[in-house]
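Visitor: Please take a close look at one part of this model for me. I would like to hear about its pockets and what surrounds them.

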Amino acid sequence: MAESHLLVEREPGLLTLRLNRAEKKNALTRDLYARLAEALQQAAEDSSVRAVLLTGGEQCFTSGNDVADFLQAPPTGQDSEVFLFMRALFEFPKPIVAAVSGPAVGIGTTLLLHCDLVYVSRCAALRMPFVNLGLCPEFGSSLILPRLLGQVRAAELLLLGEGFSGEQAAAWGIVNAVLEDGAATLNKAREVALAFTRLPPAAVADSKRLLRAPERERLRQVIEEEGALFTKRLHSPEAREALMAFMQRRTPNFAA
Ligand code: COA
């Protein structure tokens, strides 16, 4: 991968991970996942890092998993790069703050459910079109979203694959706040992430663990079940048709 697809910026106490593949709307490749996983694993061990800020560009957070990768080299199981990244995020012991501007598609929305604080811009467009792609919910979203939103609203997002705005996400408690534009969103998220660098780190880590403890084991189980099904569904005729259709810029045909 070109080194520049993930920009890693360090300042005292804060590590910023910035997706930087604008030409493909920050689609996440296997290499990009691997780099993200490695950066988080190192940050977890590094006592000079007190918080992580995860962001994309001002026009796009991420368009989700790289569709060409899904077709050519789909994840095969728990050792695949996407699982390594999401496990590193799920297990990350320090605060992670996300700044989201523009589209956050697929895993781009799912991963926000595992960040501690999320700020979005007015132009944020979130969507989990897994069913539309012949796939299924991933990384705990089938447990987390019905609990947060109720079954019927979760069905709109996960069974119909409907998109939603930053305002809706804030009203539903998925994100903390909506800011005017990408720059304001990044500033706010950075300010919050920097606040963690001034707080006592062990108390923050204990508190994060407590906040996330109640559903932890059930969530691990669900993530494993979803992962097995998702990996299997990637090879289904439905998913192949939907992914090919995206690449060929045509409407998928599920009639057969
Ligand atoms: N994987 C691979 N390439 C992607 C991509 C993805 N997830 N998302 C966008 N791209 C590529 C497009 O193929 C296009 O490449 P090209 O210029 O070589 O043809 C380029 O990025 C620009 O995308 P485009 O769709 O033309 O931009 P847009 O501004 O019209 O729309 C999005 C942006 C993000 C709304 C749209 O690309 C999209 O919905 N992508 C999501 C794909 C998806 O379903 N992801 C979930 C996978 S689980």
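**Pockets and their surroundings**

Guide: The lining of the largest pocket has 22 nonpolar, 7 polar and 8 charged residues. This is a predicted model. The volume of the largest pocket is about 790 Å³. Its lining comprises 37 residues. Nearest the centre lie Ser63, Asn65, Val67, Val105 and Phe246. Several elements supply at least two lining residues each: α2 (67–72), α3 (81–90), β7 (125–127), α10 and α11 (237–247).

Now the second largest pocket. Its volume is about 640 Å³. It is lined by 24 residues, and Leu113, Cys115, Asp116, Leu211 and Arg212 are the closest to its centre. By class, 15 of the lining residues are nonpolar, 3 polar and 6 charged. At least two residues each come from β6 (117–121), α5, α9 (201–212) and α10. Helix α9 gives the most, with 5 residues.

Two of these contributors, α5 and α10, also meet each other. The axes of α5 (residues 141–149) and α10 (residues 216–233) come within 8 Å and cross at roughly 125°. That angle makes α5 oblique to α10. On the α5 side, Ser141, Ser142, Leu143 and Ile144 make the contact. The contact counts 4 nonpolar, 2 polar and 2 charged residues.

Strand β6, another contributor to the second largest pocket, belongs to an open sheet of 6 strands. The order is β1-β2-β3-β4-β6-β9, with mixed pairing. The edge strands are β1 (6–11) and β9 (177–179). From one strand to the next, the twist averages 20°.

Technical notes
Residues are numbered from 1 along each chain as its sequence is written. This is a predicted model: local features need pLDDT of at least 70, side-chain atom pairs count only at pLDDT 80 or more; totals for chains, interfaces and linings use all residues. Side-chain values use heavy atoms; hydrogens and water are left out. Axes are lines fitted to C-alpha atoms, for helices over the stretch in contact, and angles run from 0 to 180 degrees between N-to-C directions. Helices (H or I, at least four residues) and strands (E, at least two) are DSSP runs, numbered from the N terminus. Angles under 35 degrees count as roughly parallel, over 145 as roughly antiparallel, 65 to 115 as roughly perpendicular and the rest as oblique. Contact means heavy atoms within 4.5 Å. Ala, Val, Leu, Ile, Met, Phe, Trp, Tyr, Cys and Pro count as nonpolar, Asp, Glu, Lys and Arg as charged, and the others, Gly among them, as polar. Two strands pair if DSSP finds at least two bridges between them. On a 1 Å grid over the protein atoms alone, a cavity is a set of points where a 1.4 Å probe fits but cannot get out, and a pocket is an open set with protein on both sides within 12 Å along at least five of seven lines; lining residues have an atom within 4 Å of a point. Grid points are joined across faces, edges and corners, and a volume is the space filled by probe spheres set on the points.
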